[in-house]
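Student: I have the coordinates open and would like to know what stands behind the terms used for them. Can we go through them one by one?

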Amino acid sequence: MKTAGGSWAMVAALGGVLVACVPAPLRAQAGAQVHVGVRLSAPAVTTVTGETLYRPPGPGALLVTTDRAAYVSSLVLTAGQPVQVVTVGAVGAATEVPVRLPPTSGFTQVFTVASVVPLDVTGAQGARTLDDAGRAVQAAAANLPAGAYTVTTTAFTVGRFGTLRVVASVPGAEVRVDGRLAGYAPVTIPDVPVGSVTVSVSAPGLADRSQRVTVTENGVVEVRAVLAPITGTLSVSSDVPARVLVGGSAVGQVAGAGQPLRVKVRPGTVGVNVLPINPALAPQNLLVKITASQVTSIRCGTEAGAYTCKTP
């Protein structure tokens, strides 16, 4: 059997939300003489962080269908707020009827009660807990025959949102928010849930940049990422003063015993020339493999009057 809005199997799945936490009077009833289908009237926002949320004040309405003439009410419970009862009254079979929902915020559960005879559940109005609401429904249904009513549950969350604006030093750099692809810089990302998120920016051949930022309600957070080339480090030490060339270009001088010369070099195999200031010592020419994010060391020194350079 299908409702105007979808299959009863889908309805049953919705009704199973948090069923373990719901008191028995607010669950689907065994042997019910009426079946209920519900769907939310407005689509939710699927955020860049993967959450499914509604914008304030919420989805607006439930669309309810029953497979036979019935009496319908809904109990709306938002975290930290008392129950609100929305009474619809009599509805026809297979007729989709809107149930206007009050504005909500945060996590909300709606318990839609359908009965084959009038069932007054207004005693649940103002209940502070699900157990209290369940007791009110149980008391109202105490004199009904078995299977005269049933309940289906719908849950949703109303979120708060801000905006991210991401600019990178390399146009077209990939932008991810909490690990999910969000676009390519420069990009403006709306409907980001309020709170802390990690923004990562990357491009081929460049080192990734990640930043933790806090998104505020209705605010715009701008992230600027400067992407630097991926490099390794070349460290050259010498016991005598020497000039150092990498790829034919001078990069500095080793003063002698003391701190080595350290330079950033793109990964790959490069030619390194170490030229002692003392012309009596022989220049050293090496091919060195530079590995990203690692230190490659060259140690030069004189031994028995000969000047040599070695890599570990």
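Student: Which strands form the open sheet, and in what order?

Tutor: This is a predicted model. In it, four strands make up an open sheet with the order β21-β20-β23-β24, and their pairing is antiparallel.

Student: What makes β21 and β24 edge strands?

Tutor: Each of them pairs on one side only; β21 covers 249-254 and β24 covers 284-290. On average, neighbouring strands of this sheet are turned by 30° against each other, with direction ignored.

Student: How do you know that β20 and β23 pair?

Tutor: Pairing requires at least two bridges between the strands. Five bridges join β20 (residues 242-246) to β23 (residues 268-276), and the two run antiparallel. The bridge partner of Arg243 in β23 is Leu275.

Student: What is known about the confidence of the chain, as pLDDT?

Tutor: The average pLDDT of the chain is 91, and 94% of the residues score at least 70. Over residues 1-19 the pLDDT is below 50, and this stretch has 30 contacts in the model beyond near neighbours in sequence.

Student: Which residues touch the most other members of the largest nonpolar core?

Tutor: That core has 22 residues, and those with the most contacts to other members are Leu164, Val166, Val175, Ile189, Val197, Val199 and Val201. At least two core residues come from each of β12 (161-168), β13 (174-177), β15 (187-193), β16 (195-202), β17 (209-215) and β18 (220-225).

Student: What is Ile189 in contact with, leaving aside its neighbours within four places in sequence?

Tutor: Contact means heavy atoms within 4.5 Å. By that rule Ile189 is in contact with Val48, Gly162, Thr163, Leu164, Val166, Val175, Val177 and Ala182.

Student: Why is the pair of Tyr54 and Phe156 called edge-to-face?

Tutor: Ring centres must lie within 6.5 Å to pair, and planes over 60 degrees apart count as edge-to-face. Tyr54 and Phe156 are 5.8 Å apart centre to centre with 75° between the planes, and they form an edge-to-face pair. The count of aromatic pairs comes to one.

Student: What does the pair of Tyr54 and Phe156 tie together?

Tutor: Tyr54 is in the loop between β5 (52-53) and β6, while Phe156 is in strand β11 (residues 149-158), so the pair ties together parts that are 102 residues apart in sequence. Both Tyr54 and Phe156 are buried.

Student: Why is Arg262 called exposed?

Tutor: Exposed means over 50% relative accessible area. Arg262 has 52%, and is therefore exposed. Arg262 lies in strand β22 (residues 261-265). Not counting residues up to four places away in sequence, Arg262 touches Thr233, Leu234, Ser235 and Val295.

Student: Which residues does a cis peptide bond with omega of about 10° join?

Tutor: Pro56 and Pro57 are joined by that bond. Pro57 is in the loop between β5 and β6. Another cis peptide bond joins Ala185 and Pro186, with omega of about -5°. Pro186 is in the loop between β14 (180-184) and β15.

Student: What is there to note about the phi of Ala94?

Tutor: Most residues other than glycine have a negative phi. Ala94 has a phi near 55°, a positive value in a residue that is not glycine. Ala94 is in the loop between β8 (84-91) and β9. With a relative accessibility of 58%, Ala94 counts as exposed.

Student: Where does Asp191 lie, and what is its phi?

Tutor: Asp191 is in strand β15. Its phi is positive, about 55°, although Asp191 is not a glycine.

Student: How do you know that β13 and β14 pair?

Tutor: The requirement is at least two bridges, and four join β13 to β14, which run antiparallel. Arg176 has Leu181 in β14 as its bridge partner. The hairpin of β13 and β14 has two residues between the strands, and Asp178 in this hairpin takes a positive phi near 50°.

Technical notes. Residues numbered from 1 in each chain as written. Predicted model: local features only at pLDDT ≥ 70, side-chain atom pairs only at ≥ 80, totals over all residues. Heavy atoms only, no water. Axes fitted to C-alpha atoms, helices over the stretch in contact; angles between N-to-C directions. pLDDT = per-residue confidence, 0-100. Core = buried A, V, L, I, M, F, W, Y, C linked by side-chain atoms within 4.5 Å. Buried < 20%, exposed > 50% of the residue type's maximum accessible area, 1.4 Å probe, protein only. Phe/Tyr/Trp six-rings, centres within 6.5 Å; stacked < 30°, edge-to-face > 60°.
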